[in-house]
Amino acid sequence: RHQQYIGKVKQAVFSSQRAGRKRVVVSTEENVIASLDLRHGEIFWRHLLGADDVIDGIDIGLGKYVITLSSGGSILRSWNLPDGQMVWESSLQGPKHSKSFLVVPTNLKFDKDNVLVVFSNGRLHAISCIDGEVLWKKDFEAESFEVQQVIQPPGSDLIYVVGFAASYQFEMYQINAKNGELLKHESASFSSGISGEVSLVSTETVVALDSTGSILLTISFQDGKISFQQTPISNLVEDSLGPAVIIPLSVSGIFAIKTDAVTVFIRVIGEGKLEVVEKTTHEIAVSDALSISEDQQAFALIQHASSEIHLTVKLAHDWDGNLLKESIKMDRQRGLVHKVFINNYIRTDRSYGFRVLIVMEDHSLLLLQQGEIVWSREDGLASIIDVTTSELPVERNGVSVAKVEHNLFEWLKGHMLKLKGTLMLASPEDMAAIQSMRLKSSEKSKMTRDHNGFRKLLIVLTRAGKLFALHTGDGRIVWSHLLRSLHKSEACQSPIGLNLYQWQVPHHHAMDENPSVLVVSRCGPSSDTPGVLSFVDTYTGKELSSLSLDHAVVQVIPLPYTDSTEQRLHLLIDADKHAHLYPKTSEALSIFKREFLNIYWYSVEDQNGIIKGHALKCKCTGKVADEFCFDTRDLWSVVFPSESEKIVATVTRKLNE
């Protein structure tokens, strides 16, 4: 069975064509662009761009082209919406590195006007949507100018480029969209500096924070004149402790700020007057604005409440009223909602219905409609970090040791379906159910060990920190578990999963214990951050225990020795080249001491082209000393000439072979 995934979605654009199949175009963190069927979530087409070709923005132009900006804003491509064929590609250079913006004017989605606006590499470009030809370009060479927003008001011939210079000056450029001519350039400076993201609240107003994160600046540039108001955060949030950050929204007239524990939604009224419309301590996700008529914008909010999520759709100018309010049951193993995308359709009674696409913490993608999950995709499986296998239980006397619940109702239902099939009365849904029952009862997808040992569980760890067990017979997901130890916490701000190891592999004569795996992770991107160990039961997916270490984990060496409970001994090497023995038990220590002189391992420094061999020396001395810690010594090294050779990969035979 061949499975295709796309990765964690970062941007989604719904195709608004009335005729034809409903689809949504997405870009992902794995550098994939894909077109998905809105009915079932299947892939119509997908393209995997190169590892360095990170996607900066996507949109749909003229209703029939998918426009993508990638590689730090230096490559613009157009793809045919129905079949994903590339139509054209343009290379966009510029004087300096900068943020990238892709602006597809709203009228371009229907009208004959076919100009795209791209800001990238310190240059503003106007590009033909038909053939990718650059019509005009304008450079922004001022060294310190950092672009923050590129705005083209609907139906206007003006483009506003706004940003900061030298972190205390606000700059506004007004440009003629027809020829790129500079019409106006204004600037205003703030003594307390400007920092972080800006949020656009209308086509002529942005909000930003000062450099301390304690004052909110409302900056208006109406008719090309800059005016601004300052509001202390403490006026809006009484007991805010730390500095605030702006959460950029694209909903007109509304923006959000987040302080330590509170997210506050604020409305901008008239001349920069601010009004708090909602405060929440729950995790909350907000969609971009969706135009549902000439003057109305809708947006979606999702809040968590234990085992369900609350979805609300509101109009931008009417916070208190709801167009839609639903509660949806959500599997806790999916984690928090990370992103929300909204699309509307007209119901038979001419009222608005809404579809909501959500991206979860485990990287899965779900479509919600009418209070139900219509479909879900396990796109976390696009970013597998490590994989190991686990043996299935042995079948005893014809009864599987794996506790498979087969109640009488299921048995009767199966017989009724088979009878319907025999009498030619089965509907297509019934036929699909019969087919899946046949697959389930077939030999290859049984939950027990086969004679040759080919049937196994594949235990995979994904970048999202989720562990899956896949059945090798048919590729199905047997269980999945979002690891608690890979959750962001006070002690561990940005946990990263590293590797999987077989921890305990009981022989089938000791079947009271289930096999378990060791998941090794660390609390940050650098190799000297503290490690975290988790132990997971491979039959149930339950996290048995986890340990926060006081040392880093640079290398893990599974040793060819097990204790009386068949737990494998492991050596963990930290950043200071100390070796730590796990499990920390007296039995493991006595086995280890017996084999002390027979333990060797090697390390590879692929950047420097060096391979080194190591052995143990003596017990640790100094601060880290405990009886399970050992000093190490270098035995040998091989240095490859860096001018002519580079280590690309190293592999060794497995310890258990």
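Is Glu566 buried or exposed in this protein?

Let me begin with what we are looking at, which is a predicted model, where local features need pLDDT of at least 70 and side-chain atom pairs count only at pLDDT 80 or more, while totals for chains, interfaces and linings use all residues. Residues are numbered from 1 along each chain as its sequence is written, and side-chain values use heavy atoms, with hydrogens and water left out.

The protein has four helices and 49 strands, where helices (H or I, at least four residues) and strands (E, at least two) are DSSP runs, numbered from the N terminus. Its C-alpha atoms fill a box of roughly 80 × 80 × 55 Å along the principal axes. The accessible surface comes to about 33,200 Å², and carbon and sulfur atoms hold 51% of that surface; such areas come from the Shrake-Rupley method with a 1.4 Å probe, and for residues only the protein chains shown count as cover. Of the 657 residues, 48% count as buried, and here buried means under 20% relative accessible area, exposed means over 50%, and partly exposed is in between (1.4 Å probe, protein chains only).

Next, please look at the two domains, whose bounds come from an automatic or database domain assignment: domain 1 covers 383-394 + 448-551, and domain 2 covers 554-656. Their centres, taken over C-alpha atoms, are separated by 22 Å. In the contact (heavy atoms within 4.5 Å), 16 residues come from domain 1 and 14 residues from domain 2. The area buried between them, that is, the accessible area (1.4 Å probe) that two parts lose on being put together, summed over both, is about 1,300 Å², with 62% of it given by carbon and sulfur atoms. On the domain 1 side, Tyr501, Trp503 and His551 supply 48% of the area buried against domain 2, more than any other three residues. Across this interface the rule finds zero salt bridges, a salt bridge being a side-chain nitrogen of Lys or Arg within 4 Å of a carboxyl oxygen of Asp or Glu.

Tyr600, found in strand E47, counts as exposed because its relative accessibility is 54%.

Finally, we turn to backbone geometry. Most residues other than glycine have a negative phi, and most peptide bonds are trans. The peptide bond from Tyr582 to Pro583, however, is cis, with omega near -5 degrees, and Pro583 has its place in the loop between strand E46 (578-582) and helix H4 (586-594). Ser71, which is not a glycine, has a positive phi of about 55 degrees, and this serine lies in the loop between strand E6 (65-70) and strand E7 (75-80). Glu566 also has a positive phi, near 65 degrees, and sits in the loop between strand E44 (555-562) and strand E45 (568-573). As for the opening question, Glu566 is buried, because its relative accessible area is 17%, whereas Ser71, at 23%, is partly exposed.
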